Amino acid sequence: MPWELDETKLEALAIGAGILGTGGGGNPYYGKLHVRRLLREGYRVQIVAPDEVPDDALVVSVGGMGAPTIGIERIHRGDEPLVALRALERYLGRPATHLVPGEIGGANALRPMAVGALAGLPVVDGDGMGRAFPELQMDTSRSLVYQRHRLRWRISTTTSCCFPGSAMP
Amino acid sequence: MLLDRADVLAWAKHPTTADVSSGIVGAVRSVLDQVRIAPGEIGAVMLGTTHFTNAVIQRRNLARIAVLRLGWPATLSIPPLEDWPDDLRETVAGYLTILPGGHQFDGREISPLDWTALTAAVDRIAREGVQSVAISAVFSPAVAAHEDAVARFLHEHRPHLRITRSREIGRLGLLERENAAALNACLVPLAEETIAAIRSALAELGLDAPLYLSQNDGTLMTAEFAARYPVLTFASGPTNSMRGAAFLSGLHDAVVLDVGGTTTDAGVLVHGFPREASFAVSIGGVRTNFRMPDVVSIGLGGGSIVSPDGTRIGPQSVGFRLSEEALVFGGPTLTATDIAVAAGRARLGAPERVAHLPRELVQRALATIDQRLSELVDSLKTTAAPVPVVVVGGGSLLVPDQLEGASEVVRPPYAAVANAIGAAIAQVSGEIDRIVSLEHQTRERALEAARVDACRLAIEAGADPDSVQIVEVEEVPLAYLPSNAVRLRVKAVGDLRED
C-alpha cells in the first residue's frame with residue numbers, strides 16, 4: 001500500500017539514512033530540514049512499494065554527486081534536482097512517473113523525497129544499494145541486468161544535479 | 001580561588017546568585033579576607049561562568065535579533081533558524097532574510113552584494129526595533145569580504161547596532177555557524193550588562209586588575225572581547241574542570257572524571273587541553289559547531305539514587321539535598337555515596353547508619369558503579385591501552401582506586417575546586433581555521449603562514465610573545481575539490497602577558 005511521509009517518519013528515515021551512510025555520503029540532516037519545510041508548507045510525499053510500480057513506468061533516480069563539504073556550506077536552493085529531472089524528461093521525450101533514491105544512505109537518501117514533493121511524483125521504496133555508495137556505477141540498476149532482477153522498472157536513469165559552482169570530480 | 005603562580009593561597013565556594021555579580025563579590029571578599037592581601041596587589045581576575053549558557057537554556061534575557069544570510073539564490077531550501085526549538089525562535093526572531101552575496105568554495109562570488117536590498121534590510125531592522133544582528137555569508141571562513149562589507153554598511157547606517165559576523169565564531173558548516181552567530185547576537189546585550197555589573201562590583205572592592213573570562217577551549221578572553229562574543233563561554237564549565245585537573249595532577253594526557261552530585265562529566269586531556277568535539281554540539285536545542293570540549297556525561301554522581309537491589313543507580317538523584325537525604329547523613333534515601341561509605345571507599349557522615357546494608361547489595365551496587373565508570377572511560381579512549389584517570393569534583397569518592405581501563409587513578413588536592421583553578425591558570429590562544437589551495441603555494445608555506453597568523457592572534461589576545469607556542473596543527477585534505485584544497489587548523493597558546 002502506498003503511504004505518506006510525515007514528520008515522524010521523516011525523522012526516522014533521516015536517522016536510518018545517517019546509519020546507512022556508513023561513515024560517508026554526507027549528512028541527511030540538510031535534506032531532512034528541506035523536506036520537513038516542504039511538508040509544513042503543505043507539499044506531500046507518497047512512498048510506493050516496487051510491486052506497485054506498473055511495467056510502463058519511467059522511474060528516475062535523483063541525487064547529487066561531489067564533495068559533501070560543499071553542501072554543508074553552500075546549502076541547496078532546493079530545486080536543483082527538479083531542474084535536472086525536467087532536463088532529463090525533455091531529453092527522453094516523456095515525463096517521469098516515479099522517483100527512486102539511488103542510495104538510501106547519506107545526503108542523497110532524502111533528495112528524491114524533496115523532488116517528489118515538488119514534482120508531485122511518488123517515490124519508490126527500493127533504492128539501488130541499501131546503503132551509501134562511493135561511485136555512480138555501483139547502483140543496482142547499473143550493475144545487474146534488470147531482466148534477471150526482481151525490480152520491475154524498465155528504465156532507470158540517474159539525474160545528477162550539476163549546477164554552476166558545485167564541485168564535481 | 002586565589003593563586004600565586006602555582007600555589008593556592010585561598011579559596012571559597014559561594015552559590016550563584018540571580019544577579020551573578022553579588023555572588024562573585026561575596027566569594028572574592030571572603031578569599032581576600034582569608035589572606036589579608038590588599039585588592040591592589042591582585043594582578044588579574046579570571047571568571048568562568050555558565051550564565052550565558054543558562055540564559056539560552058532558560059530562554060531568559062535574550063535579545064530579539066535579525067539574521068542576514070548572504071547566499072541568495074543558493075541556500076534557500078533551509079532558511080535561518082529553521083531547526084531551532086519553536087519557543088526559542090519565537091523569543092528571538094525579529095527579522096530573518098537571505099540576501100544576494102556569499103562565495104563559492106574557490107572564492108568566486110555566488111552573487112554580488114545587493115546594496116538596494118541591504119538598504120531595505122537596514123530599514124526593516126530599524127522598524128522591527130532590533131538592536132543586535134547576526135551576519136552569515138556562505139564560505140565566510142574562507143572569504144571574509146562579504147560579511148565584513150555588510151557589517152561596515154550596517155555600522156555606518158545604524159551605529160548603535162550590535163553586529164556578530166559568523167566567521168568570528170564558527171567554522172565551516174553554514175547552518176551551525178549561523179546558529180552560533182545568532183545565539184551570540186541574542187546574548188550580546190545581556191553580556192554587556194552582566195560584565196559591566198561585575199566590573200563595577202569588583203571596582204567597589206578596590207579591584208582594578210584586568211578582568212578575563214574563560215572560554216570553551218580553556219583559554220582566556222578579555223572582558224571586552226567576552227562582551228562581544230558571549231557564546232564563547234558556553235562550555236567553559238567542564239573545560240575549566242579539565243584544565244584544573246591537568247594543573248593539579250601534573251598530567252597532560254589523561255581522562256578526567258568530574259563527579260558531581262547528579263552527573264559525571266568525562267573528557268580527555270590532550271597536551272593539557274580538552275579534546276575538542278569533532279561534530280555538531282547542541283546548546284538549548286540549537287545545533288552549533290564552534291569549538292567545544294568533547295564531554296560525555298552520565299547520570300551517576302554522589303547523590304544518585306540506588307534501587308533496592310543495587311542494580312540500578314541514577315539518573316534520579318537527591319542532588320544538592322545529599323546532606324539531608326543520604327542514609328549516612330540521617331536521611332531516608334539510599335544513595336551512591338552510602339554505598340561508597342558502606343564499602344569503605346569513603347569515610348563520611350555516620351558510617352554505622354549503613355552498616356545494616358546487606359553485603360550482597362553493596363557489592364552489586366559497587367560493581368554497577370565501577371562498570372559504568374569504566375565504560376565511560378572506555379567510550380572516550382581512542383586506543384585500547386590503559387590511560388591515567390584524574391578524578392575531581394565533590395562525588396569523587398565514588399571512583400575506585402582500581403578502575404578497569406585506567407593505568408592509575410589520580411586524586412589531586414583541591415579537587416573540589418578544580419574548576420576555579422582551571423579558570424585561574426588559563427592561558428590565551430589564537431586559532432586559524434581556513435581552507436587553502438595548494439595549487440600556487442607549497443604545503444610548507446601554507447602551514448607556516450597559518451602558524452604565524454595563529455601566533456599573531458594569540459599575542460593580540462594578550463599572550464606574552466615569548467611564551468607563545470603552537471599546540472595543535474590539523475590538516476584535512478578536502479576530497480573532490482579541483483584546486484587541491486586543504487583545510488588547516490592551527491592553534492597557538494601562550495601565557496597571559498603581565499603588564
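A: A nonpolar core is a set of buried Ala, Val, Leu, Ile, Met, Phe, Trp, Tyr and Cys residues joined through C-beta atoms within 7 Å; buried means 20 or more other C-beta atoms within 10 Å, exposed 12 or fewer, partly exposed in between, with C-beta atoms placed from the backbone. The model is predicted, so local features need pLDDT of at least 70 and side-chain atom pairs count only at pLDDT 80 or more, while totals for chains, interfaces and linings use all residues. Residues are numbered from 1 along each chain as written, with chains lettered from A and ligands numbered from 1 in written order.

The largest nonpolar core has 182 residues, and the members touching the most others are B:Ile65, B:Val133, B:Val231, B:Val256 and B:Val389. Helix 6 of chain B (residues 174-204) gives this core its largest share, 14 residues; helices (H or I, at least four residues) and strands (E, at least two) are DSSP runs numbered from the N terminus. Leaving out residues up to four places away in sequence, the contacts of B:Val256 include B:Met242, B:Ala266, B:Leu269 and B:Val392 (contact: backbone-placed C-beta atoms within 7 Å).

As for the backbone, the B:Trp72 to B:Pro73 peptide bond is cis, with omega near 5°. B:Pro73 sits in the loop between strand 4 (65-72) and helix 3 (86-92) of chain B, and B:Thr75 is found in the loop between strand 4 and helix 3 of chain B. Though not a glycine, B:Thr75 has a positive phi of about 70°; it is buried, with 26 other C-beta atoms within 10 Å. Another cis bond, with omega near 0°, joins B:Gly314 to B:Pro315, and B:Pro315 belongs to strand 17 (residues 313-317) of chain B.

Note on methods: Contact = placed C-beta atoms within 7 Å.
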